Amino acid sequence: MPTRAPSADELGPAAQAGWRARWFHIIFGHDDASGRRFDVLLIAAILGSIVVAVLDTVADIHARYGAIFYALEWLFTLVFTLEYVTRIMVVDRPWRYVRSFYGVVDVLAVLPTWISLVAAGSQYLLVVRALRILRIFRILKLTRYVGEADLLWLTLIRARRKVLIFFSTILTLVLIFGALMYLIEGPQDGFTSIPTSMYWAIVTMTTVGFGDITPKTTLGKLLTSLIILIGYSIIAVPTGIFTAELAAGMRARRKFATCTQCGLVEHDGDAVYCRICGTALPAGKA
């Protein structure tokens, strides 16, 4: 499931003329004034809905402005629902958009409020509260306006095997150290089970150290010191993996076109002019 919105070429306008084609270019296009205006208004609505969702969880503010927040929430929900329905109506392949990452995000942006209508009642108060909190996931709608999001996602995809191996190694170490601490310290010192000891190992290895469970024996303290040192030594591994893949992805997006004026070779993938002297770059070299 892609993390970017399907492009105009992938979806295609529902018609070459008429209101559907016009709205397709307004909603999915970002090059003309109407498309940019639509994007700005939608971003403002997203940020406004996030502010409402966050402030509504503050008891004092909710007591004073709860009714206003409720009305605003429904206003934002109706706006996002209309936007979602319009997106489906103006594309040739609506099911492709519905299944895309941003299609799912658009549904999650409005679904909690609509579901709260049928989840009323004292026995469902916890469910309603959870649904209300889920509104903050509208922040994901903003990622479609960040061009670098695609690069970050592709970097994660390319690094997934290395990251999986890394976490598998960490899980193995946590299991081993958790079992050892369970044997060394025992239930009398708070290590009541291997899962509890594994929780302690994770907290210790990540150098968080909540202190709710601490070793009492000398051997346990020595093992704790070893885990902390291991944690410091491996904490940079996932950062290094991601950085290396990100650098490789950025290099792949470079355009290797030699400027005829100053001789500069590397340019951004979408560059038309040399970033040093402003000379037009040779076409078709990327």
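## Structural report on a predicted helical model

The accessible surface of the protein chain comes to about 17,200 Å², and 69% of that area belongs to carbon and sulfur atoms; the areas were computed by the Shrake-Rupley method with a 1.4 Å probe, and for residues only the protein chains shown count as cover. The model is predicted: local features require pLDDT of at least 70 and side-chain atom pairs pLDDT 80 or more, whereas totals for chains, interfaces and linings use all residues. Residues are numbered from 1 along each chain as its sequence is written, and side-chain values use heavy atoms, with hydrogens and water left out.

**Overall organisation**

The protein chain has twelve helices and two strands, assigned as DSSP runs (helices: H or I, at least four residues; strands: E, at least two) and numbered from the N terminus. The order of elements from the N terminus is α-α-α-α-α-α-α-α-α-α-α-α-β-β. Of the 286 residues in the protein chain, 33% are buried. Here buried means under 20% relative accessible area, exposed over 50%, and partly exposed in between, with a 1.4 Å probe and protein chains only. Among contacts with a separation of 6 or more, 58% join residues 24 or more positions apart, a contact being heavy atoms within 4.5 Å.

In H9, the buried positions include Phe166, Ile170, Val174, Phe177, Gly178 and Met181. After H9 comes glycine 186, whose phi is positive, near 85°.

**Nonpolar cores**

In soluble globular proteins, nonpolar side chains tend to be buried together. A nonpolar core is taken here as a set of buried Ala, Val, Leu, Ile, Met, Phe, Trp, Tyr and Cys residues joined through side-chain atoms within 4.5 Å. The largest such core has 20 residues, and Phe28, Ile46 and Phe80 have the most contacts inside it. Two or more residues of this core come from each of helix H2 (19–28), H3, helix H4 (59–89) and helix H6 (101–118). H3 gives the most, with six residues. A second, separate core of 14 residues includes Phe177, Ala201, Ile213 and Ile234.

Leaving out residues up to four places away in sequence, phenylalanine 80 touches Leu42, Ala45, Ile46, Ser49, Val110, Arg138 and Lys141. Serine 49, in helix H3 (residues 33–55), counts as buried because its relative accessibility is 0%. With neighbours within four places in sequence set aside, serine 49 is in contact with Phe76, Phe80 and Arg138.

Glutamate 73 is found in helix H4 and is buried, with a relative accessible area of 5%. The side chain of glutamate 73 makes a polar contact with the side chain of threonine 113 (2.6 Å). A polar contact is a pair of N or O atoms within 3.5 Å; within protein, one must be able to donate a hydrogen and the other to accept it, and residues adjacent in sequence count only if both atoms are side-chain atoms.

Side chains of opposite charge can pair when their charged atoms come close. The structure holds one salt bridge, defined as a side-chain nitrogen of Lys or Arg within 4 Å of a carboxyl oxygen of Asp or Glu. In this salt bridge the side chains of glutamate 83 and arginine 87 meet at 2.7 Å, N to O. Because glutamate 83 and arginine 87 are four residues apart in helix H4, about one helical turn separates them. Both glutamate 83 and arginine 87 are buried.

**Two loop positions**

Valine 90 is placed in the loop between H4 and helix H5 (94–99) and is buried, with a relative accessible area of 0%. The C-alpha atoms of valine 90 and phenylalanine 28 are separated by 9.7 Å, although the two residues are 62 residues apart along the chain.

Threonine 207 lies in the loop between helix H10 (194–205) and helix H11 (218–234). Threonine 207 is not a glycine, yet has a positive phi of about 60°. At 33% relative accessibility, threonine 207 counts as partly exposed.
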